[in-house]
Amino acid sequence: MKKAHRMKKNEEFQHVFNKGRSFANRQLVIYFLKKDRQSHYRIGLSVSKKIGNAVVRNRIKRYLRQAFHELDERVANNYDYIIIARKPAKDMDFHQMKKSLSHVLHKSKLLTK
């Protein structure tokens with residue numbers, strides 16, 4: 001993922017949490033906030049230690065990044081996204097993760113057809 005498309009700082013996460021909206025399904029929670037001044041989306045990922053060890057958490061983040069990359073053309077630009085994985089995400093493979101991510105993006109009306 002390109003550096004311009006990542007969110008790392010706690011202040012950026014907190015701004016999206018406080019000002020943004022959220023939608024969820026059983027596996028994922030997505031927070032989003034419209035940013036008019038930026039021409040591309042930015043994404044932040046959060047996977048808690050409660051979900052599993054480092055190997056499991058990194059696999060979930062890798063799956064989410066790849067799924068977002070494959071949905072790139074359909075995702076609304078000029079938004080900041082935070083994706084939080086819930087416990088059922090640890091048992092999912094890539095295709096299930098992509099389906100879950102597209103479901104929550106579609107539910108929040110951020111995914112075009």
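Reader: Is Arg-42 buried or exposed?

Author: Burial is read from relative accessible area, and the cut-off for buried is under 20%. In this predicted model, Arg-42 has a relative accessible area of 14% and is therefore buried.

Reader: Which side chain does Arg-42 meet in a salt bridge?

Author: The partner is Asp-80, and the N to O distance is 3.0 Å.

Reader: How is the accessibility of Asp-80 to be read: buried or exposed?

Author: The same cut-off of under 20% applies. Asp-80 has a relative accessible area of 1%, so this residue is buried.

Reader: How many salt bridges does a search of the whole structure find?

Author: The search finds four. One of them brings together the side chains of Asp-80 and Lys-35, at 3.8 Å from N to O. That pair links distant parts of the chain: Asp-80 sits in strand E4 (residues 79–85), while Lys-35 is in the loop between E2 and strand E3 (42–46), 45 residues apart. Lys-35 counts as partly exposed because its relative accessibility is 24%.

Reader: Which side chain meets Lys-98 in a salt bridge?

Author: Glu-70 does, with 2.8 Å from N to O. Glu-70 lies in helix H2 (residues 54–70) and Lys-98 in helix H3 (residues 94–107), so the two helices are tied together by a pair 28 residues apart in sequence. Lys-98 is partly exposed at 25% relative accessible area, and Glu-70 is partly exposed at 34%.

Reader: Which residues do salt bridges that share partners join into one network?

Author: The network consists of Glu-12, Lys-35, Arg-42 and Asp-80.

Reader: Turning to the rings, how many aromatic pairs does the structure hold?

Author: There are nine aromatic pairs. Among them is Phe-13 with Phe-17, a tilted pair with 6.5 Å centre to centre and 55° between the planes.

Reader: Where do Phe-13 and Phe-17 lie?

Author: Both are in helix H1 (residues 10–19), and their separation of four residues is about one turn of the helix. As for accessibility, Phe-13 is buried at 12% relative accessible area, whereas Phe-17 counts as partly exposed at 27%.

Reader: With which residue does Phe-17 form an aromatic pair that is edge-to-face?

Author: The angle between the planes decides the label, and over 60 degrees counts as edge-to-face. Phe-17 and Tyr-31 have 85° between their planes and lie 4.8 Å apart, centre to centre. Since Phe-17 is in helix H1 and Tyr-31 in strand E2 (residues 28–34), this pair ties together parts that are 14 residues apart in sequence. Tyr-31 counts as partly exposed, at 21% relative accessibility.

Reader: Which residues form one aromatic cluster?

Author: One cluster is made up of Phe-23, Phe-32, Tyr-41, Phe-68, Tyr-79 and Tyr-81.

Notes. Residues numbered from 1 in each chain as written. Predicted model: local features only at pLDDT ≥ 70, side-chain atom pairs only at ≥ 80, totals over all residues. Heavy atoms only, no water. Phe/Tyr/Trp six-rings, centres within 6.5 Å; stacked < 30°, edge-to-face > 60°. Buried < 20%, exposed > 50% of the residue type's maximum accessible area, 1.4 Å probe, protein only.
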